[in-house]
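Student: I would like to learn how to read a structure with ligands and metal ions in it. Could we go through it feature by feature?

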Amino acid sequence: MSASRATAFDFDAALTDKVRIINATLHQLLAEQREVPEQLRTALDYTLSGPGKRIRSALVLWCCELVAGREDAGARIAAAAIEMVHTYSLVHDDLPAMDDDDLRRGRPTCHKAFDEATAILTGDGLLTLAFEILADRIDDPVLAVRLIGELARAAGPAGMVAGQIADLKAENTVGTVAMLEYIHTNKTAKMFRCAARMGALCGGAQAGPLETLGQYGLKIGLGFQIADDILDVSASSEQLGKTAGKDVQAAKCTYPAVVGIESARELERRLAREAVDLLDPFGAGAEILRRLAVMLLDRNR
Ligand code: IPE
Ligand code: IPE
Ligand code: MG
Ligand code: MG
Ligand code: MG
């Protein structure tokens with residue numbers, strides 16, 4: 001069955017298909033790294049093989065498919081690269097100096113399974129490997145440089161790192177909506193925008209669709225982090241695969257804490273509607289992205 005036919009009827013099956021591709025690509029890329037010392041390989045393997053939802057990397061593949069009619073080897077590399085950077089961000093996010101979490105993707109966090117130094121270095125390894133694979137395995141050098149620039153900007157000190165430091169600084173303060181928007185846009189939404197743009201670039205998108213898909217990514221990314229905040233107070237650790245209730249414990253600046261859970265849900269729904277509206281010019285081919293925006297509202301992990 002073609003990907004687009006599958007998505008029209010069964011979103012979960014379409015996502016499962018992408019998760020399989022992404023996991024296989026990650027596994028293969030790590031296996032090909034011959035000179036990684038054994039202890040580090042074990043930690044990298046442990047971390048990358050955890051059951052992440054792979055939403056950002058699936059978004060890369062779907063945006064490439066939308067633009068080009070199919071995904072390809074380059075999009076798979078781009079998907080693996082953003083998944084590596086995202087996974088590094090989780091390993092560091094969980095460190096004692098940051099959110100101090102023991103559970104991630106249903107397993108002990110990297111620093112619990114190994115030790116703190118290994119977790120720091122595993123994160124460093126994932127972050128740098130992402131750029132190595134983009135440099136080495138994207139055939140078109142112009143595309144490679146663009147993808148590297150996109151990912152560096154989204155993950156770097158004016159992107160996810162900016163959001164993470166603002167998130168930590170905002171603990172135990174009286175949060176404002178402006179602070180929340182800044183934190184959530186930077187720590188999470190920019191990586192979603194990046195995923196959409198990387199996929200579109202792999203598909204050869206022109207400036208217009210590239211920009212529109214990026215805006216779609218930014219909106220679902222902001223909604224995704226709002227949902228993450230809501231789940232922290234409404235779901236169980238078993239469901240989430242990470243410790244529930246941590247945000248209240250750490251007095252984090254979250255949407256439920258600042259605007260209340262009902263307003264947070266309303267904002268999440270509005271962002272999903274706006275994201276779906278942005279897809280109008282893409283017609284029926286964008287159905288999977290519409291389904292993704294809606295599915296993220298109802299997610300329970
Ligand atoms: C967790 O991201 C961190 C946030 C930005 C909310 P995910 O919820 O995508 O985590 P995994 O990759 O599925 O574990
Ligand atoms: C993390 O936000 C965002 C990252 C960039 C890693 P959270 O701290 O809320 O993510 P979880 O809840 O630990 O997954
Ligand atoms: Mg955090
Ligand atoms: Mg955290
Ligand atoms: Mg969270």
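Student: Which polar side-chain atom lies 2.7 Å from an oxygen atom of ligand 1, and in which residue is it found?

Tutor: A polar contact is a pair of N or O atoms within 3.5 Å; within protein, one of them must be able to donate a hydrogen and the other to accept it, and residues adjacent in sequence count only if both atoms are side-chain atoms. Here arginine 105 brings a polar side-chain atom to 2.7 Å from an oxygen atom of ligand 1. Arginine 56 has a side-chain N or O atom 2.7 Å from an oxygen atom of ligand 1, and for histidine 86 the distance from such an atom to a ligand 1 oxygen is 2.7 Å. Taken alone, ligand 1 exposes 400 Å², of which the protein buries 90%; accessible areas come from the Shrake-Rupley method with a 1.4 Å probe, and for residues only the protein chains shown count as cover.

Student: Before we go on, what kind of model is this, and how are its parts numbered?

Tutor: This is a predicted model, in which local features need pLDDT of at least 70 and side-chain atom pairs count only at pLDDT 80 or more, while totals for chains, interfaces and linings use all residues. Residues are numbered from 1 along each chain as its sequence is written, chains are lettered from A and ligands numbered from 1 in the order in which they are written, and side-chain values use heavy atoms, with hydrogens and water left out.

Student: Which residues coordinate the magnesium ion (ligand 4)?

Tutor: Donors are N, O and S atoms within 2.8 Å of the metal (3.2 Å for Na, K and Ca), and water is not among the atoms, so sites may look incomplete. The magnesium ion (ligand 4) is coordinated at 2.1 Å by Asp93 (OD) and Asp99 (OD). Aspartate 93 bridges the two magnesium ions, ligand 3 and ligand 4, which lie 3.1 Å apart.

Student: Are aspartate 93 and aspartate 99 buried or exposed?

Tutor: Buried means under 20% relative accessible area, exposed over 50%, and partly exposed in between (1.4 Å probe, protein chains only). Both aspartate 93 and aspartate 99 are buried.

Student: How many salt bridges are there?

Tutor: Side chains of opposite charge can pair when their charged atoms come close. A salt bridge is a side-chain nitrogen of Lys or Arg within 4 Å of a carboxyl oxygen of Asp or Glu, and by this rule the count comes to 22. One of them joins glutamate 83 and arginine 54, at 3.1 Å from N to O. Glutamate 83 lies in helix H5 (residues 73–93) and arginine 54 in the loop between helix H3 (38–48) and helix H4 (55–68), so the pair ties together parts that are 29 residues apart in sequence. Helices (H or I, at least four residues) are DSSP runs, numbered from the N terminus. Glutamate 83 is buried, with a relative accessible area of 1%, and arginine 54 is buried at 3%.

Student: Where do glutamate 266 and arginine 269 lie?

Tutor: Both lie in helix H15 (residues 261–278), three residues apart, which is about one turn of the helix. Glutamate 266 forms a salt bridge with arginine 269, with the closest N and O atoms 3.3 Å apart, and arginine 273 forms one with glutamate 266 at 3.6 Å. Glutamate 266 is partly exposed at 36% relative accessibility, and arginine 273 is partly exposed at 47%.

Conventions
Helix = DSSP H or I, 4+ residues; strand = E, 2+ residues; numbered from the N terminus.
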